[in-house]
Amino acid sequence: MDQINNEIQVEYIPLEVTSNILIHIGAGIYNSVAGAIKELVSNSYDADATKVVISTDYPDFEQIRVVDNGTGMSVARFKKAMYTIGSSLKGTLETRTNTEKYARPIIGQLGIGLMGLSQVCSVAIIESQLRGGDTRFVAELNFSQFKEHPEEQARAAKLNVLQEMVERFGAVAEMKERLESNSLDEDHRAELRAKIEMMEEAQERAQEEQIEDLEGEHLGYCMIYPNMRAIPGQDGTIVTLRAIDRGVRELLKDTNRSIDGMPRHVKAREESWGEFREEVDEWDWHELCERLRHQTSGLTYQSLPQYHQFLWELALMTPVQYFPGAPVTIREDLLTRKKKQLKRFDFSLIVDNRELFKPILLPSGDLAREEDLEEKYDYNIEPLSFEGEVDNSLLKYHGYLFWQRKQVKPSTIRGIQIYIRNVGIGPYDNTLLNFANVNPTSRAGQISGEIYAEEGLERALNIDRNSFRETDAHYLKLKEHVWSILGSAARGDGLIGKSVDAYWLRQERKEDTIYEKHVDDLQELVRSTGKEGVQLRFLQEEHMEPYVVGEKRIVVYDNSPNWPTSRKERLYAQRILVPVRAAIDAGASPHQILELLENLLLKS
Amino acid sequence: MSTRREQRKRKAQAEVPDIIEQKQRKYDEAQWDRSPLKQYVRRYGWLQIIEDYIERRRNDGVELPLKFLTLPGANASDIGLWWKAGVLKKREDGTLNVAICDKEYADVVTIYLRDLGGVLDYSNKPLHEALKAQQGALRKHFPFDVINVDICGSLISRRRKSEMEAVERLFRLQRGQCFLLLLTTRPDVTAMDRLITILQGNFTEGPFREAYHMRYDDMKPEELYERSHIVFNQLVIPKVVARLGREFGYKTYEHFVANYFRGEHDYRMICHSFEFEPIGRRNPTNKYRPRFKHITEDNIDHILNDELSNTVRSSALSAYTDFTVSVVKRDPVDVSAILKDDPELYAELEAEAESLIQWWENVN
């Protein structure tokens, strides 16, 4: 049997990052566990993996593994990522823009993605085997030293080295001043000179050490075993996160979470979060998403166990496919090209044996239960796309904004989700690119949209890759475009304007319905007075007489100025006067008329 | 370079041997999937038993597809063979009727089996931990019809108890349903005292003592152990497993028993297969359903005490006694010897084992 070479090479790479980046890492590049894990998924996607399996060790969360069947990673590429992490965030690793097999746009954030793991665990083992290769490398990223002394590390990172030197060796300057004084004898001067020299040397040494420390090793180290023998058929990459941070585990376990956050019916059963999590875990992914869409039994996103929120976030941020017919199930033709592209990319993400799809299902909330929804009345969709030079570089995006006449559910898909290279950037922006902050509108919660940036916009990304620099030209262009599509209620244009129109359209329709019923009721009332064969007609023409009663017909001039102005009062007046007049014409006795009036006024 | 940096480097490098050893073992295990010896057990042992079991179920009027639990290794060769032989089927939802547990490979195998519909569930924990976890992925799928426990370590070990705990948990979670247990393990040469104590316990039972003396003359257990710890282990291990079965109201049948040398290493792996039949189920179809429907693993002791009738208990005791006698009388198959004398079969099995490496790539 083949043996692994015992004299295997082992390489030690301190994880050197600039203090600037260290501050961000210390402060938290990712604002959620899913944010950090998404970067691993992106790496797999870049490696043309068709399947990524994440195992979270549910419900203990002691270890998280991310396994893919991609092309694997060469040790050289991995090392480069380790070495260049501090100097660039923009993927200097990548020379191509698309992957080889599926031509997926490369996300290319290997280095920073791996560094972000320091927020989730203390140790990450990376194993990778190139497709068809005869070796496999194993690397251990160890952040435990960093975690052991977080305060010291953070202090060092934030410290201005020179400033500290001044503080520490301020005495040297003082001695130099004294040296210039004429009152000192030569012995004293010699002593001072020696001291100054010694202290200056110490200062220099300390400065070098401090700078060296600041330049590297704050985050931990990486050990690489580059020449392990390949295991046939095991191409791809496995990342095992060990020593998961206690905070992460407690979060995913809902430890110390108040039961007040549970849906009412669950709270009433006095269940623990663990029991509720088990119940939710019984639902398959589609069922969970549909329940949130409909808010079945008061289930909201906020009332979900954290583990399921983690799944939801992952599904939103990673380049997985949509459910069939989604995102807007009443307009399957929406995002057709994108959906085809995602299908062609053939990428699936499976977490704990559950395949994730994008959880966006619209329309939602009460509206999802209604049949025969009509565009213009109940919802509106505005596709948007742009391709052109902005600030001397190409910007290309497309997407849609969807408005529905009731609040979008769950609340996490209110706003706009922006994707760059098919990866979701942060959660939905519920300010609609700051629109709702500047133009307060109750309709912001009724809007949900997605925008896929195919080119550009990346430079607007902040280091957290979860938000944008709002002064970037590409971002400004997108913002301007989105705002123009959102429009204004006052001006009556755009999606917001259309939503106001929809209100009035619905009102008109409602009134028409009321009117039709009124005419039918009136017809029935006239018939009940015994005046058989009389035709009741409603005319809209203006006439001074509000109604005219003939032998065979009664004409109601609905627009007569003599009717009360208020529609409600007008209909009421018609409802009384017309039947009474018809009854009199039919020869009703006063008693019968009184009975009719009582019927109309007391019972109706 | 600063001293601090040096210290860190030294500390990191000190961990190298562990990781290399771990990875080497992983590589060896993956290579072992290619072994014709192991393939012999898969084909003439496990597969044959499963097919016979399906036939017996059919005769009892049960046509339901079998549900498997296995520790598949890197290539899931066992699953491949079952799938190709048609004993492993898909469920209505399209998933393969198998759950897998493997610390190193469960998720990797899951990826590859995804194109075939995926597995019921998987766990990356060691078996005993996977079965322990209250909300673990595997527990909700119990009971299974076939459980294949292929452990590199020892079932009965001097130091570790986890493997035996896992087997006990399996019994608890099976809730009295009939099942096959296919067991591959490596005898622990350091566990002599423990094994001898177990065997000596049986000498108080007349029929066993008699059978033992007849087979091994008046030899003391220590002497048999000295002569062949493999023979010794293959007496003790089935006894221990059947004893557990007895506690849970089962009658134990032993089917294929074998051992083989593992590669260049000077040790043998031993293979045992058991069928556990719940005692006292008059309608044969009921055997294949859990005896206890609504109990959890944790309250099964109480249920066993209260609900297993005296008749079942006494039948279980006598079945166990018969079993221990039969164990003394039978001879395990020496797979290494068989294949040494039959190069043609060796080559055939080698090719078959090879065809099971990445078998999923050649399945429509």
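Let me start with chain A, where five strands make an open sheet in the order β10-β11-β14-β12-β13, and the pairing is mixed. Two strands count as paired if DSSP finds at least two bridges between them. β10(A) and strand β11 (residues 393-404) of chain A run antiparallel and are joined by 12 bridges. In one of these, Ile381(A) has Phe402(A) of β11(A) as its bridge partner.

A word on conventions. This is a predicted model, in which local features need pLDDT of at least 70, side-chain atom pairs count only at pLDDT 80 or more, and totals for chains, interfaces and linings use all residues. Residues are numbered from 1 along each chain as its sequence is written, chains are lettered from A and ligands numbered from 1 in the order in which they are written, and side-chain values use heavy atoms, with hydrogens and water left out.

Chain A overall has 21 helices and 17 strands. Of its 604 residues, 53% count as buried, meaning under 20% relative accessible area, with exposed being over 50% and partly exposed in between, for a 1.4 Å probe and protein chains only. Take the chain A contacts, heavy atoms within 4.5 Å, between residues at least 6 apart in sequence: 70% of them join residues at least 24 apart.

Next, the cores. A nonpolar core is a set of buried Ala, Val, Leu, Ile, Met, Phe, Trp, Tyr and Cys residues joined through side-chain atoms within 4.5 Å. The largest one has 87 residues, and Ile54(A), Phe78(A) and Leu241(A) have the most contacts inside it. Helix α14 (residues 306-317) of chain A gives the most to this core, namely eight residues. Leaving out residues up to four places away in sequence, Phe78(A) touches Met73(A), Leu114(A), Ile126(A), Phe137(A), Ala139(A), Cys222(A) and Ile224(A). Apart from that core lies another, of 58 residues, including Phe68(B) and Tyr288(B).

That brings us to chain B. Its open sheet has eight strands in the order β3-β2-β1-β4-β5-β7-β6-β8, again with mixed pairing. β3 (119-123) and β8 (333-334) of chain B are the edge strands. Strand β2 (residues 96-101) of chain B runs parallel to β3(B), with four bridges between them, and Ile100(B) stands opposite Tyr122(B).

How do helices α3 and α15 of chain B pack? Helix α3 (residues 36-59) and helix α15 (residues 343-355) of chain B have axes 8 Å apart, at an angle of about 85°. Axes are lines fitted to C-alpha atoms, for helices over the stretch in contact, and angles run from 0 to 180 degrees between N-to-C directions. α3(B) and α15(B) are therefore roughly perpendicular; that label covers 65 to 115 degrees, while under 35 is roughly parallel, over 145 roughly antiparallel and the rest oblique. Among the residues making the contact are Tyr40(B) and Arg43(B) of α3(B) and Leu345(B) and Glu352(B) of α15(B).

Last pair: helix α11 (residues 229-247) and helix α13 (residues 310-329) of chain B have axes that come within 10 Å and cross at roughly 170°. That makes α11(B) roughly antiparallel to α13(B). Residues in this contact include Leu235(B) and Ala242(B) of α11(B), and Tyr320(B) and Phe323(B) of α13(B).

Notes. Helix = DSSP H or I, 4+ residues; strand = E, 2+ residues; numbered from the N terminus.
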